[in-house]
Amino acid sequence: MNRRETLLLGAAAMLPAQALAQAETPRRGGVLTVHFATEQRILNPSLQASTGVYIVGGKMQEALLDLDAQGNPVGVLAERWESAPDGLTHTFHLRRGVQWHDGRPFTSADVQFTAMAMWKQILNYGTTLQQFLEAVDTPDAHTAVFRYSRPMPQGLLLRAMPDLGYISPKHIFETGDIRQNPANTAPIGTGPFRFVQYERGQFIIAERNPNYWRPNLPYLDRVVWRVITDRAAAAAQMEAGQVLFSPYSSLAIADLQRLGRDPRFEVTTRGNEGNARTNTLEFNFRTAQLADIRVRRAIAHALNVPFFIENFLGPFARPGTGPIPSVSTDHYPTGDMPQYRFDAALANRLLDEAGHRRGAGGVRFSLRLHPAPWGEDIALWSTFIQQSLSQVGIRVEIVRLDAAGFLRTVYNDHAFDLATGWHQYRSDPAVSTTVWYRSGSPRGAPWTNQFGWVDPRIDGIIDNAATEVDPARRRALYAEFVRAVQTELPIWMPIEQIFVSVFNRRLRNAGNNPRWASSSWHDTWLAS
Amino acid sequence: MRVLRLALWRLAASLPTLVLILVGMFLLLQLAPGDTVDALMAQMGGGDAAIAEELRRFYGLDLGIAARLGQYLLRLVTLDLGFSAIYGKPVATVILERLPATILLMVSALSFAFSFGMVLGVLAARRVNRWPDTLISTLGLIFYATPSFWFGLMAIVLFSVHLQWLPAGGFSDITRDLTGIAAMLDIARHLVLPTLTLGLIFLAIYLRIMRASMLEVLSLDFVRTARAKGLTETRVVARHVLRNAMLPMITLIGLQAGTMLGGSVVVESVFALPGLGRLAYESVVQRDLNTLLGIVFVSALLVIAINFLVDILYARLDPRISAEN
């Protein structure tokens with residue numbers, strides 16, 4: 001191959017797959033098979049906000065809004081919206097001519113019912129977001145006016161709606177216990193796909209909704225989710241062509257790297273930018289040594305994060321800079337925030353200064369580390385912490401528990417010294433980020449400040465930012481928040497990751513918005 | 001009639017054991033930190049504490065351990081297995097849905113292991129210390145020493161990914177609507193690899209036992225008598241030796257029926273089959289006590305039933321056993 005050919009090939013490889021896909025005419029038909037790694041108790045995204053629900057329920061039920069390719073809010077069941085300057089009322093003008101899968105019309109009554117009875121009462125993160133929602137007025141069948149008792153920033157509401165704004169049919173849910181409704185596992189929605197069958201432990205099937213409001217869509221005949229709990233087996237099913245898409249980093253890191261070299265697959269973070277997470281290092285302030293800021297900083301300086309990422313996580317992770325990940329276009333703070341680069345000598349000096357001299361065997365003191373059981377990266381990271389800290393004289397005992405045991409021990413019993421897991425960033429810091437830092441969270445609430453750490457100044461910034469309606473001032477408040485928590489270091493978030501998707505290359509229009517795996521797949525199609 | 005009475009007697013005799021197992025299981029799971037609401041929170045990725053409290057009341061977790069255990073046992077007397085927290089359905093329904101796949105896999109793997117183990121064991125015993133014996137014994141050792149998940153994955157890589165002969169997982173082809181014979185064949189195709197994977201380890205055990213047992217019986221006096229009568233070697237083996245050599249094999253089936261139910265967690269996960277093993281694993285992870293106890297109960301019943309059948313077979317094979325009874 002001569003130099004010119006190499007250059008041409010390079011240029012072709014750089015063309016985004018999207019541009020290539022758009023040159024083709026979409027093909028109707030085909031069955032999209034999806035790897036479904038963890039079965040959920042329910043499939044209704046109006047009641048449970050989690051990727052495991054969106055990946056299925058998000059094709060059958062729709063939200064008021066979704067995100068477009070650039071990550072901006074775009075109307076789905078709402079056509080347009082406006083907000084009062086004081087942030088107390090937000091009006092959504094709903095799409096007309098939309099039908100539920102059972103043929104009944106979609107109206108503002110459905111929005112009102114879902115918001116008041118589901119989002120405000122049951123939906124995780126929805127209950128916090130809609131805490132000050134007083135009522136939803138329905139002046140007509142296609143207008144829903146959300147009234148709040150405290151200002152709700154429009155940016156926060158619009159950013160949160162794609163995940164926390166799924167609508168359920170009032171006529172199905174208004175009688176009986178909402179949690180026990182059979183439609184929770186056999187969804188009835190307005191989405192491009194209609195529920196067909198759910199065999200627990202095996203598969204879920206949905207088919208094309210012939211009355212979908214977007215004309216001539218969706219392209220796919222069916223979507224089939226296959227329950228595969230074994231990660232190696234799932235990778236084999238991708239290779240055998242029995243599964244065409246594996247979402248949310250569900251395969252082993254080694255398999256992701258292997259499939260990435262195979263021309264039949266695309267291994268990418270594209271389409272998951274809205275689902276960023278950071279790896280945490282959580283300090284229990286009830287442990288005397290950890291209440292000392294010098295010890296927390298020493299621990300951070302003792303960990304060589306770039307080395308860990310390069311050798312264990314590969315290209316799907318990068319060093320984190322704080323609780324707000326860099327993919328957050330609205331709120332990622334500009335300017336230099338305090339960071340903790342690897343410096344073992346400094347770590348040793350800080351520990352000496354804090355009065356923890358090395359004792360027998362060079363050990364200063366011992367700590368228990370509880371790693372969360374989800375994710376291979378967490379297991380690797382916890383072992384790396386153990387080995388790195390032993391270099392600076394801190395002996396770490398790793399305590400491995402399963403999901404229920406981890407949550408109970410760390411967030412309810414507080415029986416840990418260090419804990420590590422994921423912080424999920426959900427489009428806006430007020431949704432699921434600041435709760436990690438705000439004091440006063442009731443005991444037992446997972447992924448909140450259960451660390452025995454209180455800072456009234458930071459609590460104040462968090463509260464002000466949650467009700468600040470001016471976007472620029474809000475952004476400044478979050479920058480102040482990041483600076484403060486990076487200085488105090490109650491929790492350290494040193495690694496930033498985006499979920500990895502594995503696509504069979506037959507898939508088209510895949511990953512074309514920042515929350516694609518959760519979105520409705522109305523324009524997805526399969527090349528023959 | 002006699003068989004029925006015997007069956008009832010057996011069941012009654014196993015009742016105390018059954019109750020002990022259930023109570024032990026219940027208490028053991030209390031030792032694990034966290035409950036089903038914690039597991040649900042982990043699945044949801046968060047939720048507020050008030051909702052958690054409400055859910056605990058909903059699942060009846062606000063009562064004491066003794067009260068809950070008492071309630072469970074009382075319900076069990078009426079054969080009510082309770083309500084599954086994960087599935088939102090009665091436990092009996094959940095288990096019934098999973099039972100066919102488990103039993104199908106267990107029966108096919110056991111019959112595969114038993115029949116091939118027997119044939120290979122007989123072959124090895126008849127050519128003892130010659131090359132067929134060495135070959136068979138070595139193969140048996142390899143099967144026995146290899147972890148089944150690895151076997152399963154390698155089988156998938158070879159037969160599904162490279163050769164594309166067999167499906168990589170699942171119970172049936174859900175992208176096509178099949179009925180009748182075609183559907184049965186489809187299920188059979190899906191079961192080939194899991195059956196081999198689960199069966200190979202047991203095959204190794206059966207062939208070792210069969211070989212040893214054959215060798216032992218072959219050295220007994222009545223075999224010499226049979227040969228002295230002038231019977232052909234095949235007739236000696238088939239009519240006299242085999243029947244006596246089968247007894248340890250039958251014992252083994254009874255013992256291993258239980259192991260197969262538990263041992264299939266790995267195979268079910270690797271091949272994405274909807275069986276009881278995976279259900280039990282999930283119930284532990286999700287702290288779904290009712291489902292777990294229900295599975296223990298049903299598995300125990302299955303094991304009791306199989307052992308009962310084994311005893312009847314015993315009497316058939318060796319009339320002395322029932323005569324002494």
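**Helix crossing and domain contact**

Guide: Gladly! In chain B, the axes of helix α5 (residues 91-126) and helix α12 (residues 289-317) come within 11 Å and cross at roughly 45°. This is a predicted model, in which local features need pLDDT of at least 70 and side-chain atom pairs count only at pLDDT 80 or more, while totals for chains, interfaces and linings use all residues. Residues are numbered from 1 along each chain as its sequence is written, chains are lettered from A, and side-chain values use heavy atoms, without hydrogens and water.

Visitor: Why are α5(B) and α12(B) called oblique to each other?

Guide: Under 35 degrees counts as roughly parallel, over 145 as roughly antiparallel and 65 to 115 as roughly perpendicular, with the rest oblique. The axes cross at roughly 45°, so α5(B) and α12(B) are oblique.

Visitor: Which residues of α5(B) make the contact?

Guide: Val91(B), Ile95(B), Leu99(B), Ile103(B) and Met106(B) do, meeting residues of α12(B) that include Gly294(B) and Ile306(B). Contact means heavy atoms within 4.5 Å.

Visitor: What domains does the assignment give chain B?

Guide: Domain 1 (17-80) and domain 2 (100-323), with bounds from an automatic or database assignment. Their C-alpha centres lie 36 Å apart.

Visitor: How much area do domain 1 and domain 2 of chain B bury between them?

Guide: About 1400 Å², 75% of it on carbon and sulfur atoms. Buried area is the accessible area (1.4 Å probe) lost on putting two parts together, summed over both. Leu18(B), Leu29(B) and Tyr72(B) supply 37% of what domain 1 buries against domain 2, more than any other three residues.

Definitions and conventions: Axes are lines fitted to C-alpha atoms, for helices over the stretch in contact, and angles run from 0 to 180 degrees between N-to-C directions. Helices (H or I, at least four residues) and strands (E, at least two) are DSSP runs, numbered from the N terminus.
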